[in-house]
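Colleague: Put the model up on the screen, please, and let's go through it piece by piece.

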Protein chains: 2
Amino acid sequence: MGRPRTPLLDRARITTTALELVDEQGEFSVPQIARRLGVQTASVYHHVDGRDGIVELLRERVAAAIDSGSLDHGPWDTAMAAWARSYRAAFAAHPRAIPLLTTSPVRAPKVLEQYEKAVGLLLAAGFPLPDVMPVIIALENLVLGSALDMAAPERMWELSDETATPQLARALGALGEGRADAAFELALAGYLAHCREMLTDG
Amino acid sequence: MGRPRTPLLDRARITTTALELVDEQGEFSVPQIARRLGVQTASVYHHVDGRDGIVELLRERVAAAIDSGSLDHGPWDTAMAAWARSYRAAFAAHPRAIPLLTTSPVRAPKVLEQYEKAVGLLLAAGFPLPDVMPVIIALENLVLGSALDMAAPERMWELSDETATPQLARALGALGEGRADAAFELALAGYLAHCREMLTDG
DNA sequence: ACCTGAACACCGTTCAAGT
DNA sequence: ACCTGAACACCGTTCAAGT
């Protein structure tokens, strides 16, 4: 067979197929991708740095949906909040991919630029240099923690034995639809209030 | 060979071996466990509900180190903070296991009892029933998000190209040793302050 | 009940061979 | 440069056979 006139594969199509598989079944394998693209498994390795490379591509693809526009316009607190919500929404669009993606932070240039912007925003707002990264990392933790929560199946909160933990059962019963959203917004509000205090107290 | 007079395997030893493997190499496989215990791979399946069952056992084992004693004595805010720190410390003791464990929440009875206690504590403190679970879930997100951060390799924050993101490079340079701790404590302080406000405003 | 040996389907990865 | 076919080591899981 040999080399085709026009390449059968490229990184974008491999990434798209991997994301489709993850959306459908929560996982992907290299042979599965090859099968969907009508190609041999080995061919995939000519375009991609192994399975881990595909995971990194997924990370970048999902992160590409983050809208960093809010970071360009103050005030810093609403800008950071909008960024965090968009960051979280990008993950929420592919809940089954979350466990695969949250194991290590995104380090694509495009995302690093967003961190760069955030640093500038916080410095301009008056945060002392040593406080800037903790403030950013704390927000990232918030986003990733609540992303994992979104990925957790709903039935995780359906108790198998309600009598063992009656108060927990009651509290779960009083829980509305937007369970994950409520927890995220609660934590985000606390985070922002605390950062504002850091600024005025410091 | 057949059945030995005294069983060669049990769940505890399988769990211990799996945790050792994860601590050492960040992963485990059923054949690896069997090899370490001087037994055939198939034997492991007589004690454990497949590979996923072993992961669940790891979750329980790691969570067993959480000290829930703080939940028995008020005030609610310091009690919740102590619980969260202990929860996080339990994960921190096995950083390489974190990606494996954070993909779904612990649902072992022992941990559910802790949630039960937390619900009681918050109700007694005066939180309205519908607020209780969001408050707890937000704290859990905080813990898991910062646990993932602890699991991230330190070199994740060593930029390959400092010139592309100069401000980020500066901020990272000003970061002390306890990077992960600082971010966690920042988020925790904000969380607690916000919960206190919910109580007085509500 | 618990261990073995063998089997099955699947995986990630490499590599020489072809164009 | 890019695809194939074949190979390798490894994996999770099942199951009949033994005590």
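Colleague: How does B:Arg61 count: buried, exposed or partly exposed?

Modeller: In this predicted model, B:Arg61 is found in helix 4 (residues 50-63) of chain B; a helix here is a DSSP run of H or I with at least four residues, numbered from the N terminus. Buried means under 20% relative accessible area and exposed means over 50%, with partly exposed in between (1.4 Å probe, protein chains only). B:Arg61 has a relative accessible area of 32%, so the label is partly exposed.

Colleague: Quick ground rules: what pLDDT do local features need in this predicted model?

Modeller: Residues are numbered from 1 along each chain as its sequence is written, chains are lettered from A and ligands numbered from 1 in the order in which they are written, and side-chain values use heavy atoms, with hydrogens and water left out. Totals for chains, interfaces and linings use all residues, side-chain atom pairs count only at pLDDT 80 or more, and local features need pLDDT of at least 70.

Colleague: Back to B:Arg61: which residues is it in contact with, leaving aside neighbours within four places in sequence?

Modeller: Contact means heavy atoms within 4.5 Å. With those neighbours left aside, the partners of B:Arg61 are B:Ala12, B:Thr15, B:Thr16 and B:Leu19.

Colleague: Which residues have the most contacts inside the largest nonpolar core?

Modeller: A nonpolar core is a set of buried Ala, Val, Leu, Ile, Met, Phe, Trp, Tyr and Cys residues joined through side-chain atoms within 4.5 Å. The largest one here has 142 residues, and its largest share, 13 residues, comes from helix 8 (residues 129-151) of chain A. Top of the list for contacts inside that core are A:Met80, A:Met133, A:Tyr191, B:Met80, B:Met133 and B:Tyr191.

Colleague: What percentage of the area buried between chain A and chain B do carbon and sulfur atoms give?

Modeller: The contact takes 53 residues from each of chain A and chain B. Buried area is the accessible area (1.4 Å probe) that two parts lose on being put together, summed over both. Here that's about 4600 Å², and the carbon and sulfur share is 77%.

Colleague: How many salt bridges cross the interface of chain A and chain B?

Modeller: The rule wants a side-chain nitrogen of Lys or Arg within 4 Å of a carboxyl oxygen of Asp or Glu. Across the interface of chain A and chain B, the count is zero.

Colleague: And how far is A:Cys195 from the nearest cysteine sulfur?

Modeller: A disulfide needs a pair of cysteine sulfur atoms within 2.5 Å, and the structure holds zero of them over all chains. A:Cys195 is buried, with a relative accessible area of 0%. The nearest cysteine sulfur to that of A:Cys195 is the one of B:Cys195, and the distance is 16 Å.

Colleague: Last one: which residues is B:Thr165 in contact with, leaving aside neighbours within four places in sequence?

Modeller: B:Thr165 lies in the loop between helix 8 (129-151) and helix 9 (166-173) of chain B. At 3% relative accessibility, B:Thr165 counts as buried. Its contacts beyond those neighbours are A:Leu112, A:Glu113, A:Glu116 and B:Leu159.

Methods:
Helices (H or I, at least four residues) and strands (E, at least two) are DSSP runs, numbered from the N terminus.
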